[in-house]
Amino acid sequence: MAVIETENLTKKYNGLTAVDNLNLKIEEGEIFGLLGPNGAGKTTTLLTLTTLIEPTSGTARVNGFDVVKQSDLVRKSIGIVFQDPSSDEILTGYENLKLHGLLYGMEPSLREKRIKDVLELVDLTDRKNDLVKKYSGGMRRRLELARGLMHHPKILFLDEPTLGLDPQSRTHIWQYIEKLQKEENISVIITTHYMEEVDRLCNRMAIIDAGKIVVLGTPEELKKVIGGDVVTVKTANPNIAAVKKLDFVKKIETKNGLVYLTVTDADKNLSEILQAIGKVESVEVHKPTLDDVFIHYTGKEIREGEAEGGWANKIINYNRKK
Amino acid sequence: MSERSGLYAIWYREFKVFLREKSRIVASIINPILWLLVFGGGLGSSISVKGTNYQAFIYPGILAQAALFSSIFFGVYIVWDRKIDFLKEVLVAPISRTTIFVGKILGGATDALIQSAILLVLGAVLSWSGIIPGLNLGILSIVLSLFILFITISALVSVGLIIGSKMESPEGFQLISSFLLFPLFFLSGALFPINNLPAWLAPFVIIDPLTYPVDALRKIILGASHFTLMTDFGVMLGFLALVVVIGTYAFKKMKV
């Protein structure tokens, strides 16, 4: 059964189309990733699916209920962790959870039991009586994750669940998401612009750009589309013609002074490529990642303009992986 | 069941926050005391109103003023809720907007009523010790006053929430609410008797909804009033009904 189904879902703000005829079907029990750069329409899609904004046109059904006509039933079926902190920092962790239980009309005995369970799940039991303003960013996100789960939703929405967290907290949150999906048996929809997040967590994913779904599939399927390893070469004067002659080179792209090659068996064939291309300043080889998939489908890097030195970072990452 | 539990949830949160922010209570008590003792004492040393001590005369007005300021100001917290995204958590819960609105009214009313109760007890002490003679503040009149204040406060909290539901920033809220607060206060007859006003001023006093609780409180605490208690109650309840209807509508239209 599809837990989420949208049909030509469209949302316009003052003539600006944030979500453009979106057709999406998400099955029960999936961890589904909506991947896209900032401003791609991920959060708008999520706010529409969670009934907080109404679509301009098109329909969406969540857990079988229409988000406009049956918004109350939709809201009973879902849990959400918003992108920005949405817990009350003047209350303690426990009080925030109690408040949530009351808002969802939970029986007092069930509520107390669930508070205990979810606090344990996110390892916050010993901090439950501290004011939330004393929590770190990661702890607060964990509390909100616990809160989103507390009322046994069928579908959990996570809007950029690890945005702004340090790498350690991020790994923690990932572990909790994996754990809860196993223990609570729910469908999870994650929006993110972190490739690693989708790669690690999601069964299926969609790349969304400018309000449209560009491609949809499992991370593995999408990476296969690249068709080989990715070799990035920095060189002032590449001899493209010579490289083109090599039959194991599938694809050549030059961008920002870099040459991107898609190569079968790069480990074996690297030296030949380097000989052909001319004087090389630096070179990097990696298995295809979702970054490459993203570039392949949208023609741009997901974090373009966000930070300089994306290429240098990749090399650092590559070295780390080794 | 779920709506009732939701109503309690909204109230529970407001009340917890109120108890944690003790400075709010202190600040809301200090101002009326200054008005009563400094303004009332200073002006009262040279005037009295129809034989009533001036401080005693303005005491009911100061009660209403304190209720006015803290009730309207309560609306700013919804602006903060939106800023910290807590509002989304509430709006996405399976309870109706009406429940959220009513829960917020009850939360704000609790805060302002606690403040009123403190001021009433303080008035009883001041009267009993002879500092401000002539206040009738027995148990019955305190209870009646609280009832009148509850209706007034509920209406004024609604007004604050309506403004808050439209505002993006706390600064904007401050600006709009101060445009409202001072005319409401000055025209209510809190500081002067309203039975002998110049012709241009009288209509403004009549249309100020705060005039009626001030008048009713004066009847209970000082034994004299301009309108009948029935008129006062009628207007207060009518005003409450009006702002609750507008507020429910405003909350239904509220954006995240």
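Chain B of this predicted model has 11 helices and 2 strands. Helices here are DSSP runs of H or I with at least four residues, strands are runs of E with at least two, and both are numbered from the N terminus. Read from the N terminus, the order in chain B is α-α-β-β-α-α-α-α-α-α-α-α-α.

Residues are numbered from 1 along each chain as its sequence is written, while chains are lettered from A and ligands numbered from 1 in the order in which they are written. Because the model is predicted, local features need pLDDT of at least 70 and side-chain atom pairs count only at pLDDT 80 or more, whereas totals for chains, interfaces and linings use all residues.

Now the overall form of chain B. Its C-alpha atoms fill a box of roughly 60 × 40 × 35 Å along the principal axes. Of the 256 residues in chain B, 47% are buried (20 or more other C-beta atoms within 10 Å of the residue's own, with C-beta atoms placed from the backbone). Take the contacts in chain B between residues at least 6 apart in sequence: 78% of them join residues at least 24 apart. A contact means C-beta atoms, placed from the backbone, within 7 Å.

Chain A holds an open sheet. Its 4 strands run in the order β12-β13-β11-β14, with antiparallel pairing. Strands pair if DSSP finds at least two bridges between them. β12 and β14 (282-286) of chain A are at the edges with a single partner strand each, so one side of each lacks a neighbour in the sheet.

Go across the sheet strand by strand. β12 (residues 249-255) of chain A pairs with β13(A) over 6 bridges. Here A:E253 stands opposite A:Y260. The two strands form a hairpin with 2 residues between them, and A:N256 in the turn has a positive phi of about 50 degrees. β13 (residues 258-263) of chain A also pairs with β11 (residues 229-234) of chain A, over 6 bridges. A:V231 faces A:L261 there. β11(A) and β14(A) share 5 bridges, with A:V283 as the bridge partner of A:V233.

Finally, the two chains meet. 19 residues of chain A are in contact with 23 residues of chain B. On the chain A side, α3(A) gives the most, with 4 residues.

How values were computed. A residue is buried if 20 or more other C-beta atoms lie within 10 Å of its own, exposed if 12 or fewer, and partly exposed in between; C-beta atoms are placed from the backbone. Two residues are in contact if their C-beta atoms, placed from the backbone, lie within 7 Å.
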